[in-house]
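Work through these exercises with the model open. Try each task before reading its solution.

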Amino acid sequence: METTEQIIGSLPDNRGHFGPYGGLFVSETLMAPLQELQQAYEHFMKDQAFLEELDQDLVHYVGRPSPIYHAQRWSEQLGGAQIYLKREDLNHTGAHKVNNTVGQALLARYMGKTRIIAETGAGQHGVASATVAARLGLECVVYMGAVDIARQEANVYRMRLLGAEVRAVESGSKTLKDALNEAMRDWVTNVDNTFYIIGTVAGPHPYPAMVRDFQSVIGREARSQMVQQAGRQPDALVACVGGGSNAIGLFYPYLDDPEIAIYGVEAAGDGLETGNHAAPLCAGRPGVLHGNRTYLMEDADGQIIETHSISAGLDYPGVGPEHAWLKDSGRANYVAVTDDQALAAFHDLTRIEGIIPALESSHALAYAAKLAATMSPEQIILVNLSGRGDKDMHTVAAREGIQL
Amino acid sequence: MSRIARKFSQLRAEGRKALIPFITAGDPIPEITVDLMHDLVSAGADLIELGVPFSDPMADGPVIQRASERALEYHVSLRDVLEMVAQFRQLDTDTPVLLMGYLNPIEVMGYEQFADKAAEAGVDGILVVDIPPEEGGDLQRLLQAKAIDQIYLVAPTSTTERIQRICDLAGGFVYYVSIKGVTGASHLDLHSLDEKLDEIRAVTELPVGVGFGIKDAETAAAVSRLADAVVVGSALVSRVEALAEAPEKIGASLREVISSMRLAMDRAE
């Protein structure tokens, strides 16, 4: 496995800026805890004992490295480029989320914090946080919008089994963004003993950089695995983007290879033209939310608007600031895929390769299928299969009129 | 001298402390906000803090968040709030008005346009909750050019170094957040408040206001013995909420709270 090295790159700058994006847009009460976190993070990412323990956990607890799989039959049917899948769905808890929660929970322990809080939308990050909290014997409170609780019952039960307290958020749109607001409020109130595990590459500095660094194990592994398996690096990378943590995890170690094309896939929901989507990079504007400047879904007055996607994990009105920067700088391309297109890819991978992907990851698969058809069979696309689809059985069945 | 500085020096000369009520613009209906501002002044308010509704008020507690939600049902925008201030100014040219809110609506309007329009409307100070001094430079330069004070928060968690830095940048007054937590939370500790105010006063001549957690006349009086200004928000907004279906009764209810606080504060001197 690739070891976690000193990977704090040139961006963000020391105040958390990726060009005009990122930064520290929080109330004064949070400045001291964020600075404490930043210092601790910088310190422990150079601490040999911390890094060794993290790497051990990634191997023996998460199950890394995750394999890379050549989806040969699907590639043949698409008749274009070869599609390879980075199997983050095979991690413990079934998605890439745990790469980050293992890292942050370990940091919490090294910092002497006894209580963990987290926000969750679909429940995947909540489950991954409750999992590591259980293992380290830390108290865990997960904030989740009341609407999401209703549509993700199984994950709520899972978190409770793991010993976490799930608190329903009844304010605003009662979804992920409101859960994040509520977790921030908890943190402001309990900063002395509490560590806030943010699940994606958004939020105030140092979260976007820290979560990226924990997730970039994905791309570091892929670099050596691709050489072993295919004899070379891919021509294109594809990953879905909600907040953007699985995408940045794959992209980051490849940013300095300009010949490798990068595609981030947002949720177009019912279609970008309908307004019912969750695609701030494709159809939003820059603004400030949740501690950072980035692309947002907002109305003409600057109020954050509700988003729509069949995939709860992509249903977020903002996006990590590094993606905003990669978009503006032209290094990465951001595209969007509708609910229907994602569902079609969900069924294709399931039937053709025997892998049931998460609906989030299905967005990446749908775009990869489209892209593959425009490329030659000698070319390679590497898709981040960020999670498994077991959690989505009810959503898919309901969409097709089936009661489970 | 700005309207805020003038007000504080006038109060200082009279040996009184400033009472600063907070209400959210447009809550529960936009039509009554300007009247409520006048009501607050007539009951003894010295400055008015007017909240700009935002969909994601991260630093506020549930009471003030619900106030934003009520106002947003009427789509009360930053532009509307500025119009309310302009309307208030037609009858009151003396009472300073501060806008309190979050950065995104200002980003969307554009900093320059916002500074122009705020000055035109008669706004005296701006408190943007989610803009610490590190990120506030561009906005502050534009506001300064229009003689609008940018008010910064100091928190219980602020280090001595940060307090110094914030006070160097702050205009109008320094707003001390008296508790670790969101607006409307409890547990105001007068002893640690006193210590922190000493620390702030050691580095600035600016008046120091205290807010978050001041629920009643007794607490207002106790805080006014220590600070130059007392900010009251959630205690008022709770009343607005309770009377949301009978908006014609809100003015009298808020006047009652403010008069009792005014009385208690003036007796405390």
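**Exercise 1.** Find which residues A:Lys97 touches, not counting residues up to four places away in sequence.

*Solution.* Apply the contact test: C-beta atoms, placed from the backbone, within 7 Å. A:Lys97 then touches A:Gln124, A:His125, A:Ala128 and A:Gly199. The model is predicted: local features need pLDDT of at least 70, side-chain atom pairs count only at pLDDT 80 or more, and totals for chains, interfaces and linings use all residues. Residues are numbered from 1 along each chain as its sequence is written, and chains are lettered from A and ligands numbered from 1 in the order in which they are written.

**Exercise 2.** Decide whether A:Lys97 is buried or exposed.

*Solution.* Count other C-beta atoms within 10 Å: 20 or more means buried, 12 or fewer exposed, in between partly exposed. A:Lys97 has 31, so A:Lys97 is buried. Helices are DSSP runs of H or I, at least four residues, numbered from the N terminus. Finally, check the record: the unreviewed UniProt entry puts "modified residue: N6-(pyridoxal phosphate)lysine" at A:Lys97.

**Exercise 3.** Find how many residues of chain B are in contact with chain A, and which element supplies the largest share.

*Solution.* The contact test gives 33 residues of chain B against 28 of chain A. On the chain B side, α5(B) gives the largest share, 5 residues. Sort that side by type: 18 nonpolar, 8 polar and 7 charged. Nonpolar covers Ala, Val, Leu, Ile, Met, Phe, Trp, Tyr, Cys and Pro; charged covers Asp, Glu, Lys and Arg; the others, Gly among them, are polar.

How values were computed: UniProt positions are given in the numbering used here, feature names are shortened, and annotations may be inferred rather than shown by experiment. Two residues are in contact if their C-beta atoms, placed from the backbone, lie within 7 Å. Helices (H or I, at least four residues) and strands (E, at least two) are DSSP runs, numbered from the N terminus.
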